[in-house]
Amino acid sequence: MKTILDCSMALAWLIARPDRDQTALAEQVFTKVAAYGAEVPAAWYSELANTLLALERARRLTQQEVTSYLADVALLGIRQDEEPCATRQAQVLDLARMHRLSVYQSAYLELAMRRAAVLATFDSPLAGAARAAGVRVFGDRL
């Protein structure tokens, strides 16, 4: 099954999660993404870079750690959604309204729905909305 990767999951490969089960889940997602790739919404790269910059400015990461992490991520088969954002805007807004998500969160949900893919996220509101919409969340029991 295809995987839609959100930033919270990808960042767990760099910043350890406080929960062991989440750490194990992040490792499973990494293994799957390394083997089969993943797809991300168009804003994913900017969202990832912005979060990394915030962590760097907060002195939780060094510039070298950010550079190294981004080089590692570039080696993975992460593909950006090729559908123009403008063509999906109405659907993304509708999902955001329906599930009380941000537009950024609902972009992941819309992509997972459109691709009939599993969503890899640690974002609880997004995961809940995905389940409510019939989207499988990585780590859920079948």
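Helix H6 gives the largest share of the lining of the largest pocket, seven residues. The model is predicted. The pocket holds about 340 Å³ of space. Across the whole structure, a search finds eight salt bridges. Lys 32, by contrast, is buried and has no salt bridge.

**Largest pocket**
- The lining counts 20 residues, and those closest to the pocket centre are Pro 41, Cys 85, Val 92, Val 103 and Ala 107.
- Helices H3 (44-57), H5 (85-99) and H6 (103-115) are the elements that each give two or more residues to this lining.
- By class, the lining has 13 nonpolar, one polar and six charged residues.

- Side chains of opposite charge can pair when their charged atoms come close.
- Glu 83 pairs with Arg 114, with the closest N and O atoms 3.9 Å apart.
- Asp 94 forms a salt bridge with Arg 97, at 3.4 Å between the closest N and O atoms.
- That pair lies within helix H5, three residues apart, or about one turn of the helix.
- Asp 94 is partly exposed at 43% relative accessible area, whereas Arg 97 is exposed at 58%.
- Arg 131 bridges to Asp 140, with the closest N and O atoms 2.8 Å apart.
- Arg 131 is partly exposed at 43% relative accessible area, and Asp 140 is partly exposed at 25%.

**A buried lysine**
- Lys 32 lies in helix H2 (residues 20-36).
- The nearest side chain of opposite charge to Lys 32 is Glu 39, 12 Å away.
- The Lys 32 side chain does make a polar contact with the side chain of Thr 3, at 3.3 Å.

- Most residues other than glycine have a negative phi.
- Arg 59, not a glycine, has a positive phi of about 65°.
- Arg 59 lies in the loop between H3 and helix H4 (63-74), and is exposed at 77% relative accessible area.
- Arg 100, also not a glycine, has a positive phi of about 55°.
- Arg 100 lies in the loop between H5 and H6, and is exposed at 76% relative accessible area.

Terms used: Residues are numbered from 1 along each chain as its sequence is written. This is a predicted model: local features need pLDDT of at least 70, side-chain atom pairs count only at pLDDT 80 or more; totals for chains, interfaces and linings use all residues. Side-chain values use heavy atoms; hydrogens and water are left out. On a 1 Å grid over the protein atoms alone, a cavity is a set of points where a 1.4 Å probe fits but cannot get out, and a pocket is an open set with protein on both sides within 12 Å along at least five of seven lines; lining residues have an atom within 4 Å of a point. Grid points are joined across faces, edges and corners, and a volume is the space filled by probe spheres set on the points. Helices (H or I, at least four residues) and strands (E, at least two) are DSSP runs, numbered from the N terminus. Ala, Val, Leu, Ile, Met, Phe, Trp, Tyr, Cys and Pro count as nonpolar, Asp, Glu, Lys and Arg as charged, and the others, Gly among them, as polar. Buried means under 20% relative accessible area, exposed over 50%, partly exposed in between (1.4 Å probe, protein chains only). Lys and Arg count as positive and Asp and Glu as negative; His and the chain ends are not counted. A salt bridge is a side-chain nitrogen of Lys or Arg within 4 Å of a carboxyl oxygen of Asp or Glu. A polar contact is a pair of N or O atoms within 3.5 Å; within protein, one must be able to donate a hydrogen and the other to accept it, and residues adjacent in sequence count only if both atoms are side-chain atoms.
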